[in-house]
Amino acid sequence: MTRFILAALVLAVTASPALAQVSFVGDWSGRYHEDQPDRVPGEEPGDFSGIPLNEAARRFGDAWDVARHSVIEHQCAPYTLPYMFFGPNQFRIWEERHPDTQELIAIQMYMGTYQQRRTIWLDGRPHPPEYAPHTFMGFSTGEWNGDVLTITTTHIKAGYYRRTGVPQSDRSTVVEHWMRHGNLLSQVTIASDPVYLSEPYIRSQEFVTMERGNTNWLYNCEYVQELPTDKNDVPHFLPGQNPFIGEFAARHAMPEGGVRGGVETLLPEWRPGAKPAAPRPNANGGFRPEHQPSKLAVGEVKAVPVQGNVHMIVGAGANIAVQVGQDGILVVDAGAAGTSDKVLAAIKALAPGKEIRWMVNTTFRPDHTAGNEPISKAGRTVNGNTADIIAHENVAARMIKAGIPDSSRPFKTFFESGRDLPFNGEAVIIYHPDSATTDTDSIVMFRRSDVIAAGDVYRTDSFPVIDPDNGGTTQGTIDALNHILSLTVPSKMLQEGGTYVIPGHGRISDEHDVVMYRDMVLIIRDRIRDMVEKNMTLEQVKAARPALDYEGRYGSDTGSWTTAMFIEAIYKDLSAARKAGAATRSAR
Amino acid sequence: MRRNSLLLSTASFLLVAAIAFGRSDVAAQRGAGGQRGAGPAAAPQTARTRGPVDFTGTWVSVVTEDWRWRMVTPPKDQSAAASIPVNQEARRVAQSWDLEADNKGGNQCRAFGVGGINRQPGRLRISWQDDNTLKFEYDAGTQTRLLYFDRAAQPPAEKTWQGFSRADWEGPGVGRGAAPVGDNRVTGGGLPGAAGVPGGGGQGLRGGPPPRGQARINTGANLKIVTTNFREGYLRKNGIPYSEQAVITEYIHRLPTHPNGDNWLQVITIVEDPRYLTQPYYTSTNFRLEPNDAGFRPTPCQTAPPLPVKTPSK
């Protein structure tokens, strides 16, 4: 005992203090002493004050109609992380420690608002790859800077920085700093968003420990359809037609230039009429690689689990869905030319000893079908033939027209609106939309696994490649996206998870991701249609930038599918439809 | 038994030594200096040398919160005190706010007092007045606050807009100076291998702000300030009052350097006012480090009149 005291005293005298780590364990409740009207009752349209947003975000916000919350798929959508702590919230924090060493592995959070769960990993693990699903709370890692816990979060779904439509993209990264002083937790949130912010958006919120229990920990949300609405009705305002813009400034005696936000309005020297500030280079960047989604190495092909029996192969051009089970292997799409060896290796690793029995083509495009022949030949039907390729007959027709040899073409074609087959103990349902991005598209649903392979109807890396020359139409693309939404069912985690969607290109998604994409296509379509009806020329339409608010996320000035090509495709499609309508009316 | 006594004696000696060591630190903080043991005189520990964080430099407020009440003078209407946990008495006082009367009565600085100064858009220049006094200068209203680490310091007889502030370092690293620059985990962009200089400065920059991206940050500690003895002022430009009975506690953090190189200062302010508030009033204000103080332009206490409220037109 004496030795123990002695040792303790020696340590007390000689040792440096251990790196302090503050405990945040407890139940916390927000104090809304800043921006309370925004944060608790809700905001007024057109208020962008205090946000370093860019012109794309303003366009998005100007188009925002609060009635969008009434859309079925939006009704139960939670706040995303950048807003979660700003809005009304209370949360519970507990720690996850290693059972043997008692080292802190993670901080766990449960938030009463939307019943969100969050894990902040403190064990040094890297952030997931870019093709991983995104969630409302994202993926968080933390590190201590003395008594300050610094958290970096990526993989956040698209959402809002302010509840009335100041958009936040799914490319955002949030850095938080947590500090505790007695019963006060102060949390700084710094959001970086190359799509919608000119520079990081810093906010700080205060929370206090709850002295008495609060029973308001549940958020039961059940969506309802109160009135019959068209799936094509996503509430929004066309450019220049939002009647509520300006109302906020007038009501609260604020300069109109100020409520429009922007970096320049945040500094003391700002005066009404000030010119927009030049963006600082790399203002939204600088993150350490381990704090950002990892990317595939050049030439790397990888299989990742999605859900149930279904996996996704990435890195081979278009995404490939692979279903494995007792019956063998079913492959949806075959990847780009030159990738087949790696694709086959990835498939074999998923199901050693199993044969590829079936293949499905979701389109005729070569980044999906160039691997047809080698992968088909590597497989065997139960009759000993090469693996059968199923596709809508238009796929075969388009490939014949393009001079693709027989050995690469699908022979199990269908002409009707769909086909289904049982395989590996689940229903595999193939749905063919009449004319989506082309007239060859198919969507494949694995019913028990609850996974959809969407083909190019849905992709997270670009605007949809609507190809009128190959039978594509804008409305058909929207209809196909709506069909996906009719199949998806989110989990009880409120618009998250449940049915997973493998896009033609990009990351694993769920219903919320698809609905945001559907909204985007529909809104841009509506804008261009309005311009067509006003007899604007294609050049005038392009100059009006009807896709401005989405260009930073899905657009491109170079490559095989540019923003200009996307706008032109919709313009021509809608112009042709208008002419056809006029001809029909005159014939009557 | 005898062996145990010896050990206990040794333990007692070490305990006394530990206490003495701690006391000498306190004494140094008071500026008493003094010698330890028979060796050469140790340099007295001052607030500056004990400081685990370097706050010096010029910081600009980036107004992303309460913009509508900070960047413009809000009107005197029903929502004038929104967000602030005021009581009926405060509302009554706020409704009688008269900007012109303030200006004529020499009370222009009511919105620039310690309870509201951090919420004014402006620049904050932080430097050491002396080794135990930190100086906060605000260009908005040309206000200066002196933060006394020295326990012997006493408030002046007359109350001022900025009152009397006692400061203390809190958290890890107090007494060890700021973290070395080479600690990339903390600085996110320091000079590898370069040693930090305790107290303030480093890299030959003593007396001036560290260059952007090379700033010594901190050990994750903070500064606590408790302010009393101030004149009644405004929490918000439009006359929401705080009283002389209030106590204002602040926690100042220099945040770890952001990945893009930005350095942020966070000021958490807690106003406890038995006269005008129903509960503690919490705000946190964010300032970004500037490369120099070229933007620091002192202006007199001046509050613009509110813009007229318009009826929204559709």
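1. Between chain B and chain A, 21 residue pairs are in polar contact, both residues at pLDDT 80 or more; a polar contact is a pair of N or O atoms within 3.5 Å, where within protein one must be able to donate a hydrogen and the other to accept it, and residues adjacent in sequence count only if both atoms are side-chain atoms. H1(B) gives the most to the side of chain B that touches chain A, with nine residues. Helices (H or I, at least four residues) and strands (E, at least two) are DSSP runs numbered from the N terminus.

2. This is a predicted model, in which local features need pLDDT of at least 70 and side-chain atom pairs count only at pLDDT 80 or more, while totals for chains, interfaces and linings use all residues; side-chain values use heavy atoms, with hydrogens and water left out. Residues are numbered from 1 along each chain as its sequence is written, and chains are lettered from A and ligands numbered from 1 in the order in which they are written.

3. The contact between the chains (heavy atoms within 4.5 Å) involves 65 residues of chain B and 67 residues of chain A. About 5,700 Å² is buried between them, 60% of it on carbon and sulfur atoms; this is the accessible area (1.4 Å probe) that the two parts lose on being put together, summed over both.

4. Five salt bridges are counted between chain B and chain A, each being a side-chain nitrogen of Lys or Arg within 4 Å of a carboxyl oxygen of Asp or Glu. A salt bridge links the side chains of A:Glu269 and B:Arg123 at 2.9 Å, N to O.

5. The largest nonpolar core has 88 residues; among those touching the most other members are A:Phe91, A:Trp178 and A:Tyr550. Such a core is a set of buried Ala, Val, Leu, Ile, Met, Phe, Trp, Tyr and Cys residues joined through side-chain atoms within 4.5 Å. Helix H12 (residues 511-533) of chain A gives the most to this core, with 12 residues. A second, separate core of 32 residues includes B:Trp97 and B:Ile225.

6. In strand S14 (residues 320-325) of chain A, five of the six residues are buried (under 20% relative accessible area, with exposed over 50% and partly exposed in between; 1.4 Å probe, protein chains only). S14(A) runs antiparallel to strand S13 (residues 310-314) of chain A, with four bridges; strands pair if DSSP finds at least two bridges between them. A:Met312 stands opposite A:Ala321. In the hairpin of S13(A) and S14(A), A:Gly315 takes a positive phi near 100°.

7. S14(A) also pairs with strand S15 (residues 328-332) of chain A, antiparallel over five bridges. Here A:Gln323 stands opposite A:Leu330, and two residues lie between the strands of this hairpin.
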